[in-house]
Amino acid sequence: MRLHTDQIERLSHRIIQQLVAQHLAQLKATESALSETISGILQDFQATAAAIEDQVHKLMAQYSGQIESGHIDTQQMYGMIRKQVAKDKKFELDPEEQINVLSHRIHDRLYGDDLLDYIDEDKALRLIKQALTGTLRAEDELDQRVRDK
């Protein structure tokens, strides 16, 4: 999951607007404050993902001699290291689980920081998941089209 800053901001605003439009939440703070909170969660998530990738590349560099000599399969080693580093950082690699984790973080933080009250918590959580899924699906489709060219 890689989103640019402007995409994160649009997604944050979309979530808030949909929660209000569908009467699933009553705001106790400004939309700007809620948007900053959501954006922060998404940016922290992306920073953690980037840190994991950096650590994986550093560890892969340690095995470069063995990889070049053919003793280690690059993709297999990359996958094993990435899985272990993510596990150590308690970071979910599965895209569906990432959406689930992010949805819960957003849902819980908005309420926990007293920024809003939910009128229907379950529907609000589903809406957040749908917004994340839709945005990420569109991003994946665009990425695939670029790769196919």
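This is a predicted model: local features need pLDDT of at least 70, side-chain atom pairs count only at pLDDT 80 or more; totals for chains, interfaces and linings use all residues.

Trainee: How far apart in helix 1 are arginine 10 and aspartate 6?
Mentor: They sit 4 residues apart in helix 1 (residues 5–21), so about one helical turn separates them. Helices here are DSSP runs of H or I with at least four residues, strands are E runs of at least two, and both are numbered from the N terminus. The side chains of arginine 10 and aspartate 6 form a salt bridge, 3.2 Å from N to O. That term means a side-chain nitrogen of Lys or Arg within 4 Å of a carboxyl oxygen of Asp or Glu.

Trainee: Fine. How many salt bridges does the rule give?
Mentor: The count is 4.

Trainee: Which residue does lysine 28 pair with?
Mentor: Aspartate 114, with the closest N and O atoms 2.4 Å apart. Lysine 28 is in the loop between strand 1 (25–27) and helix 2 (31–62), and aspartate 114 is in the loop between helix 5 (95–112) and strand 2 (116–118), so the pair ties together parts 86 residues apart in sequence.

Trainee: And glutamate 53, what does that one meet?
Mentor: Arginine 82, at 2.8 Å from N to O. Glutamate 53 belongs to helix 2 and arginine 82 to helix 4 (residues 74–88), so this pair links parts 29 residues apart in sequence.

Trainee: Is glutamate 53 buried or exposed?
Mentor: Buried, at 13% relative accessible area; the cut-offs are under 20% for buried, over 50% for exposed and partly exposed in between, with a 1.4 Å probe and protein chains only. Arginine 82 is partly exposed at 27%.

Trainee: Switching topic: what's the radius of gyration of the protein chain?
Mentor: It's 19 Å, while a compact globule of 149 residues would be near 15 Å. That's taken over C-alpha atoms, and the globule rule is 2.2 Å times the number of residues to the power 0.38. The C-alpha box is roughly 60 × 35 × 25 Å along the principal axes.

Trainee: And the order of elements?
Mentor: From the N terminus, α-β-α-α-α-α-β-α.

Conventions
Residues are numbered from 1 along each chain as its sequence is written. Side-chain values use heavy atoms; hydrogens and water are left out.
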